[in-house]
Amino acid sequence: MGRPGLDFPGLGVGLVILRDSRILLYKRMRPPEAGYWNIVGGKVDHMELAEDAARREAEEETGLTIGGIERIGMTEQILDADRQHWISILYLARDVEGEPRLTEPDKLSDFGWFPLTDLPEPLSAFTKAAIAALPSVERS
């Protein structure tokens, strides 16, 4: 069997977490896009609903409790530098409880809340696509 994203296109999810007009971003340590700031997310497991995967990945990566989420779009990323190909469903969460933590220090090196008008660099292509998919009221 192959590896999703490497041997065949992988199915992933991403969750934009917003609080007080700020987006929660984490800095990746592993490919794809190691060293880039990214929204939380990951792959969808076999027989797992994509919405459940988005919530699970976000809770694993942040330590937050994620309430209701809404689908905001999809993105396809072909990352030549990492030889990875992902098709991802994007979600938005405004209903979150707790304070984020660095729960996966082997995968993520830093995190923070950033205004959408003042984002850190470099920003992953995945995150740029997710921000572009936000409802316009969130981006203003």
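Leaving aside its neighbours within four places in sequence, which residues is Gln84 in contact with? In this predicted model, those residues are Gly5, Leu6, Pro31, Pro32, Gln77, Ile78 and Leu79.

**Gln84**
- Gln84 belongs to strand β7.
- The relative accessible area of Gln84 is 9%, which is under 20%, so the residue counts as buried.
- The side chain of Gln84 makes a polar contact of 2.8 Å with the side chain of Trp86.

**Nonpolar cores**
- The largest nonpolar core comprises 19 residues, and those with the most contacts inside it are Val13, Leu15, Ile17, Ile66, Ile69, Tyr91 and Ala93.
- Two or more residues of this core come from each of β1 (10–19), β2 (22–28), α1 (50–62) and β7 (84–93).
- The element that gives the most to this core is α1, with four residues.
- A second, separate core has 16 residues, including Ile72, Leu92, Leu123 and Phe126.
- When neighbours within four places in sequence are left aside, Ile69 is in contact with Leu15, Glu51, Ala54, Arg55, Tyr91, Leu92 and Ala93.

**Annotated domain**
- An unreviewed UniProt entry places the feature "domain: Nudix hydrolase" at residues 8–137.
- Residues 8–137 are 18% helix and 43% strand, and the end C-alpha atoms of this span lie 36 Å apart.

Methods: Residues numbered from 1 in each chain as written. Predicted model: local features only at pLDDT ≥ 70, side-chain atom pairs only at ≥ 80, totals over all residues. Heavy atoms only, no water. Core = buried A, V, L, I, M, F, W, Y, C linked by side-chain atoms within 4.5 Å. Buried < 20%, exposed > 50% of the residue type's maximum accessible area, 1.4 Å probe, protein only. Contact = heavy atoms within 4.5 Å. UniProt positions renumbered as here; feature names shortened; annotations may be inferred. Polar contact = N/O pair within 3.5 Å; in protein donor to acceptor, adjacent residues only side chain to side chain.
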